[in-house]
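Colleague: Hi, I'm new to this one. Could you walk me through it?
Modeller: Happy to, here it comes.

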Amino acid sequence: MQQLTAHFSLEETTRSAKATQCGIPNEPGIAFISNLQHLCQEVLEPLREHVGKPIHVSSGYRCRELNQLVGGVPNSQHMKGEAADLIVPTPAIGREWLAWIEKNCKHFDQAILERNKKGAWWLHVSCRRELHMNRHQAFLKF
């Protein structure tokens, strides 16, 4: 298993039940692995250290076919390895994580607390290696 940082592996940032179910190989190229590692170094690992316990990625890298299948936007940063959706235990914890990222992760691109029509919550986080391209956007979307 290839570790990207102390607490995050390539496997957990590319794992997808939907891809497995549909027989889709969800394997990033070298550049996208570098992007995932950067995301982990700049956002996920610092958040994990702040929280002091595991945080779980529900959706990280997505190949184009998987992204289409799950209804991702055509230009999704997930397809570049620049984004991950994190499971949030409660909306309040999601808000706390979002605020912490905004205040403490100087190289993040987006932190968006989202909820779907079924009531599931997650925190979308992204980070680009081209630091000047990061928008530093943090908001709620539901």
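Colleague: Which residues touch the most other members of the largest nonpolar core?
Modeller: This is a predicted model, and in it those residues are Leu44, Leu86, Ile101, Leu123 and Val125. The core holds 32 residues.

Colleague: And which elements give two or more residues to this core?
Modeller: They are α3, β2 (83–87), α5 (91–104), β3 and β4. The largest share, 7 residues, comes from α3.

Colleague: What does Leu123 touch?
Modeller: Leaving out residues up to four places away in sequence, Leu123 touches Ala84, Asp85, Leu86, Val88, Gly94, Trp97, Leu98, Ile101, Ala111, Ile112 and Leu113.

Colleague: How many lining residues are nonpolar, polar or charged?
Modeller: The lining has 14 polar, 10 charged and 9 nonpolar residues.

Colleague: Last thing, confidence. What is the mean pLDDT of the chain?
Modeller: The mean is 96, and 100% of the residues reach 70 or more.

Colleague: Which element has the lowest mean, and which the highest?
Modeller: Strand β5 (residues 137–141) has the lowest mean pLDDT, 91, while helix α3 (residues 30–51) has the highest, 98.

Technical notes: Residues numbered from 1 in each chain as written. Predicted model: local features only at pLDDT ≥ 70, side-chain atom pairs only at ≥ 80, totals over all residues. Heavy atoms only, no water. pLDDT = per-residue confidence, 0-100. Helix = DSSP H or I, 4+ residues; strand = E, 2+ residues; numbered from the N terminus. Nonpolar A, V, L, I, M, F, W, Y, C, P; charged D, E, K, R; others polar. Core = buried A, V, L, I, M, F, W, Y, C linked by side-chain atoms within 4.5 Å. Buried < 20%, exposed > 50% of the residue type's maximum accessible area, 1.4 Å probe, protein only. Contact = heavy atoms within 4.5 Å.
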